[in-house]
Each structure stands twice: as structure tokens, then as C-alpha cells.
Amino acid sequence: MKETKTLVKIQDLSASFFSIPVLKNIDLEIPIHKVVALIGPSGCGKSTFLRCLNRMHEEVSGAGIQGQVFLEGQNIYAPYIDPVLVRRKVGMVFQKPNPFPGLSIFDNVAVGLKLMGVKRKVLFERVENSLKQAALWDEVKDILKRQGTSLSGGQQQRLCIARTLAINPSVVLMDEPTSALDPISTARIEGLIRELKEKVTVIIVTHNMQQASRVSDKTAFLLSGELIEYGKTSQIFTNPSKGKTESYITGRFG
Amino acid sequence: MIEKLNPIFVFSFFKKKEKKKDIHAQDRFFYFFLKALSWSLIFLFFYMLFVIFQMSWPAFSHFGMNFFVNADWNSWTQSFGALSLVYGTVVTSILALLLAVPVSVGVALFLSELAPNWLAKPLSFIVEMLAAVPSIVYGLWGLFVLAPLLRDYIQAFLSKYFHFLPFFQGPYYGVGMMCGGVILAIMIIPTISSVCREVFRTIPKSNREAVLGLGATRWEMLKIAVLRGSSTGIIGAVIMGLGRALGETMAVTMVIGNAPSIKISLFEPAQTMASILANQYAEADNELHLASLTAVGFTLFFLSLIINILAFLLVWKMKRSTTGISSTKRFSSASRGPSLSGLDYTGKEKKE
């Protein structure tokens, strides 16, 4: 097996809300073109950790953050870095599908491209590509003008993934992307995630152990803001080295 | 079923048998009392509509549709037409909207999206308080402060540099349609901005973060996620403000100049439907004059009714559509699976 390059390197990351610590000194390296799952009980800081990676955490009032996050070797918390530009490299998909109300399916995907100033001529091509990558193109190619919100929940979530992919991020963060979806839509999105890692690195937060074991290459287990264990998914789920990890994945708490 | 489960009830059941009949008497009384109160409001509303129509019938039957086309309002010649009053009302209201909408939407955006908490709370309180100032106080302020201010600075400026526009021609006195419009604008700002804020609040936080996540600046986020998403609601808020502007009486009466005429210049005095009622109702000396005034009142009532219904429908539709977007409603039953039967059960129980 060949050596994989590290894309995101998290060093001594701590985060807090109104000076209550949520994350404590996290160190983590995310390899390129892999899917990394974050598991842990509710309130352990998974979502906050995710939101620290695209500087979304600071959008909430009372948020505090220390430490460094290196994306392609560049610290995204360096004072001269514009969070807006960070977010163009690090896309995000949310728990509930949230296509923009009042925008058509096409515009929902095009909006990020327009923000980046993509020319009209190539706009259609880029939108088509992203919808194809998100495995949604065949379903919507004839109804591109219809409202994004008119799609079904699973389609809406794939639309949101297409919208995120459209601006060519190197990392896509997914915060429980299937928790509001039915099993069939969930399966489609999981298949999609496995395909996506050819082009992007995916970091996914999930409450579903089976999902973590199905889609991810590496898994990190967080408990009350601390990183308990991080390693290959196969190893975490079959032979965890820490007792806490084992009792969590076997359902003894959480 | 409840009788079996509730030990207290079983106890009292054995103790005092005769009480069983009356145990829900208070419930029934309370229910019918509240029902009667609610119905009396509905009755009152239609009764009012009926009485006003009845009182204004002499004017409608005397002038016919001409009442709405005639611009002349003269108690000497007994010629009464509502056109000039409708004109005055519409012009002042439109002017008020033109001035108030950008300010209100801006204030609402600032308060709900940009201002830090310590500033947003007191500031929104003050904006709401604008609505609590009595109309007559606005009128006095308008007459003694705003009108001279407009005359000496704004109207003088407009008259000097923009007199080629028909809106800014002729002599200016301060009082007139422009002053009425400005006063109305100040009065409807709290209405529009508070409804706008309510509408902005219905937009899920994740929508805002999704736009930010695409690498949008704060302004682009507001434009895409907040303004575009709530356009229906904003229109509703504007119409709600319009409804308030149409019916506003005292303040406008004091600053509009009270001359029922149709002039294009905003410096000119005019008369609105509400202000002529306040001015002339006490002095109307014959039946036709009185009936014509009531007819104006009826027209105003009807107009603001329609406007308000429209506004409520728009805001309601907006709220419903934004809360319905997320898949939870549509998909909760599908994702739950086994608990589907639980839903059926509650549905059945409601029917029974």
C-alpha cells in the first residue's frame, strides 16, 4: 500500500461556546481522497469539530477557538486568511436538506459558481457536471427550472451535494447528511460518498455505526470533546484499542 | 375508561354519587362563555359593516358609481365625490411606502442579522416603541417640527433644483401631501420592520450557513438566503404597512392641509379618506353630507379589509412554505417505519 498524502492537519485544536470547552486539544491528520467518519455520542463535539474546519464555528455568537488547522499546508486560522476563501475550498453539507427557497434547481447549483464569478458560457457545463457527480442529473435534467424545494428529500440532499461540489472544493464536510432521509435515499447518498472520494476528501459526522463502517476509510471516535481513538475503520470496528471505543460501538453507552 | 384509571375519581364516585352529573358543568359553561365571546366579535364585525353600509346608502343611491369618479367635494352645492380623497390617500400612502420600505427592510436586516445582541435588543425595542407613540403626538410633532423643517430645507431644495419635475412645483408651505407621506412613513416603519424580522426569523440557520459555506460574503449571504428566500413575506409586510397607512387619521389630518383637490405637486395640500371624516363628521349638517362621509368611511373600511387579508395571506403562505421545506415533515413517517402505526392511531383518535 502506498503512502497517502495528508490534506488536512489539525494541531492542538480547542473550541468553546461562551468559554465552556467543547473540543479539547484535538490532533488529527486527514489523508487525501479518503472518507473519514467522526463518531461519538450527541454533544461530544463532532459537529463543532466539523465547523472548525471551514471556519463556520466562529459564525455563532460566543464561539471561541484556539489551535491550528492546516489545509494543504496553509493554516486557515492565520490572521491574514479570509474565511470566505477558506469556505470555497472546504464545502459543507448539512443535516437537513436545505436547497435555497425561491431558486430553481439550476440556480441552486449555479449560485456558488456565480459568487465565484464563473462566466455564463461555462456555467451550464459546470452545473451539469456537478449534478452528474451528485448522481442527480438524470432525474432533474428535464426539470431544471423547477424550484429546488419541489424535489423529494433525498433528491434535495443530492442537490445540496451538487451545489457544494460545483465550486470544486478539496474537502467536503458532511454533518449527518442522511439523518433526515429514508433508507433508500440514505443508501444512494452512501454510494455517492464512496464515489466522491475519487475527487474530494470527505469528512462525515454520523450517528449511524453501520454507515460509518460502510462508507469510511478511517474513523475517529470523540467523547466529551476529546479524541479517544483514530484509526482505520476496519480496525476501529473490529479491534478497538481503547475500552471506551469498544463500549461505544457495541452500544453500551451513548 | 378514565373512570377506571383515576383512583381519585373512583373515590369521589363512591362518596358523593349525585356529584357525578355536574362534574363537567364548569367546563361546559366555560366553553360556551368563550364561544359566545368569540362569536360576538364576528357578529360585531359584520354588524359594523352592515350599519356603515346602511348609513351610507343614501349617498350611494343618490350619486351611484359617480361617487367614485367625481372629484368635487362641496357641501354648498351638495356635490360629493370621493375621487380626490382616494387620490390623497393613495398618494400619501405610496409616498410613505417609498420612504418606509427601504428603511424598514434595512433596519430589520440589521437587527436580525448583523447587530450584536446587546445592540439589537434595545434597538428593536425602540423601533417597536415608535408604534406606541399616540397618533396625535405624531401630528403635533409633524405640524410644529416636521412641516417647518420640510419647508425650510427639503422643499426649498427640491423646489430650487428639481422644479422641472411636476411633483415639486408651486409654492410650498410645509404642510401638504409630502408632509403627510413623511409622517406616515415614520408611523409604518415599526409595522413593516417587525413583520420583516419575523419573516427573516423563519429562514433556517442552515440556509444562511449553506450560502456562507459556498464562499459567500455576508452581503451575498443576506441577498441569497435571507432576502430572496423571504420575498413573499416582505411583500406581505409592505402590504400590512400599506393597510396601516391607508387608515391612519389623526396625524395625517393635522399635516395634510385639508383641501380636497387633485394636484400633482407633492407640495400641495390634499385630503385623505380618513382625514375628511375627522374634519367634517362633527359639522355635517344634512343627511346627504353625512351619508357621503359615511360612504367614504365604508370605502376605506372595505379597502383596508382587502389589503389586510392580502397581507395576512402572503405572510402566512411564506411561513408555511419555509417551515415546510425541510424534509422532516414529508419524510418523518417514511424514515420511522414501525412508528407509522402510531401516527395512524392518533389520526383515528381525533376522528372519534
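**Two chains and how they meet**

Q: How many residues of chain A are in contact with how many residues of chain B?
A: Contact here means heavy atoms within 4.5 Å. By that rule, the residues of chain A and chain B that touch come to 32 from chain A and 25 from chain B.

Q: What kind of model is this, and how are things numbered?
A: Residues are numbered from 1 along each chain as its sequence is written, chains are lettered from A and ligands numbered from 1 in the order in which they are written, and side-chain values use heavy atoms, with hydrogens and water left out. Local features need pLDDT of at least 70 and side-chain atom pairs count only at pLDDT 80 or more, while totals for chains, interfaces and linings use all residues, since the model is predicted.

Q: How much area do chain A and chain B bury between them?
A: The size of an interface is often given as the accessible area lost when the parts come together. Buried area is that loss with a 1.4 Å probe, summed over both parts. Carbon and sulfur atoms carry 63% of it here, and the total is about 2500 Å².

Q: Which residues of chain A lose the most area to chain B?
A: Three residues together make up 23% of what the chain A side buries. They are Phe100(A), Pro101(A) and Leu115(A).

Q: Which residue of chain B meets Arg51(A) in a salt bridge?
A: A salt bridge is a side-chain nitrogen of Lys or Arg within 4 Å of a carboxyl oxygen of Asp or Glu. Between chain A and chain B the count is 2. For Arg51(A), the N to O distance is 2.7 Å, and the partner is Glu209(B).

Q: Which element gives the most residues to the side of chain A that touches chain B?
A: Helices (H or I, at least four residues) and strands (E, at least two) are DSSP runs, numbered from the N terminus. The elements of chain A giving two or more residues to that side are helix 2 (83-89), strand 6 (90-93), helix 3 (105-115) and helix 6 (153-166). With 4 residues, the top giver is helix 6 of chain A.

Q: Why is strand 8 of chain A largely enclosed by the rest of the structure?
A: Buried means under 20% relative accessible area, exposed over 50%, partly exposed in between (1.4 Å probe, protein chains only). Thr201(A), Ile203(A) and Val205(A) are buried on one side, and Val202(A) and Ile204(A) on the other. Strand 8 (residues 201-205) is largely enclosed because its buried residues number 5 of the 5.

Q: Is Thr294(B) buried or exposed?
A: Thr294(B) sits in helix 14 (residues 287-325) of chain B. Beyond its neighbours within four places in sequence, Thr294(B) is in contact with Ile52(B), Met55(B), Ser56(B) and Tyr281(B). With a relative accessible area of 7%, Thr294(B) is buried.

Note on methods:
Buried area = accessible area lost by both parts, 1.4 Å probe.
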